[in-house]
Amino acid sequence: MSEPRRERITSPLTSARTHVPRTVRQEIHESTGVGEVYVRSLVRSQLRAALTVVASVALTIGMLPIVFVVFGDLSRVTVGGIGLPWIVLGIAVYPAVFVLGWLYVRFAERAEVDFAALVEASATEEES
C-alpha cells in the first residue's frame, strides 16, 4: 500500500494585501473620501473667514449711511469745509477695508500653512 499523500491547505486570504496605512498626501492625490474631507475642511475654513469679513463689512461700513440718516445732526457736521459723511465714507473707510483684507489674508494663509503641515507631517511619518 502506498503512503498517504499529504495535502497542503492554505488560507484564501494569504494572497490578500495587508493593510498599508495611507498618508494624507496619498488620500488627497488619489481623491479618496478621506482626501476630500481634508480638502473640504480647508475650503470650509477659508469660506468661514470670507463670510466673517463680508459680515463685518456689512455691519460696519454698510450701516454707516443708516447711521447718518438716523442721526441727522452728524450729517451737518463739517471738518475743513467737507461734510462728515463724505469724510467717513470717502476716506476713513479705506483703512478699515485694508485691515479687514489683511486679517482675511492672514487667516487664510494660516489655514493653508496648517493644512500643508498636516500633509507634510503625514508624509514624514510614512518615510520613517
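**Overall composition**

Modeller: Of the 128 residues in the chain, 17% are buried. Please bear in mind that this is a predicted model.

Colleague: In what order do the elements of the chain run from the N terminus on?

Modeller: The chain contains five helices and two strands. Read from the N terminus on, these elements follow the order α-α-α-α-β-β-α.

Colleague: What share of the accessible surface belongs to carbon and sulfur atoms?

Modeller: The accessible surface of the chain totals about 10,500 Å². The part of this surface that belongs to carbon and sulfur atoms is 64%.

Colleague: Among contacts with a separation of 6 or more, what percentage is accounted for by residues 24 or more positions apart?

Modeller: The contacts considered here are those in the chain with a separation of 6 or more. Residues 24 or more positions apart account for a share of 63%.

**Core and surface patch**

Colleague: Which residues form the largest nonpolar core?

Modeller: The largest nonpolar core has five residues, namely I61, L64, F68, V88 and V93. Helices that each supply at least two residues of this core are α3 (64–70) and α5 (84–127).

Colleague: Which residues does F68 touch, not counting residues up to four places away in sequence?

Modeller: F68 is one of the residues of the largest nonpolar core. Not counting residues up to four places away in sequence, F68 touches L74, S75, L84, P85, V88 and L89.

Colleague: Which element gives the largest share of the nonpolar patch?

Modeller: The nonpolar patch on the surface is formed by L59, M63, I66, V67, V70, F71, L74, V77 and V79. Together these residues have about 780 Å² of accessible area. The largest share, three residues, comes from α3.

**The setting of Q46**

Colleague: Is Q46 buried or exposed?

Modeller: Q46 is found in helix α2 (residues 33–60). Its relative accessibility is 17%, and residues under 20% count as buried. Q46 is therefore buried.

Colleague: How far apart in space are Q46 and E109, C-alpha to C-alpha?

Modeller: Q46 touches Y104, A108 and E112, not counting residues up to four places away in sequence. Q46 and E109 are 63 residues apart in sequence. In space, C-alpha to C-alpha, Q46 and E109 are apart by 9.0 Å.

Terms used: Residues are numbered from 1 along each chain as its sequence is written. This is a predicted model: local features need pLDDT of at least 70, side-chain atom pairs count only at pLDDT 80 or more; totals for chains, interfaces and linings use all residues. Side-chain values use heavy atoms; hydrogens and water are left out. Helices (H or I, at least four residues) and strands (E, at least two) are DSSP runs, numbered from the N terminus. Buried means under 20% relative accessible area, exposed over 50%, partly exposed in between (1.4 Å probe, protein chains only). Contact means heavy atoms within 4.5 Å. A nonpolar core is a set of buried Ala, Val, Leu, Ile, Met, Phe, Trp, Tyr and Cys residues joined through side-chain atoms within 4.5 Å. Accessible areas come from the Shrake-Rupley method with a 1.4 Å probe; for residues, only the protein chains shown count as cover. Patches are made of residues with over 30% relative accessible area and no salt bridge: like charges are joined within 9 Å, nonpolar side chains (Val, Leu, Ile, Met, Phe, Trp, Tyr) within 5 Å. A salt bridge is a side-chain nitrogen of Lys or Arg within 4 Å of a carboxyl oxygen of Asp or Glu.
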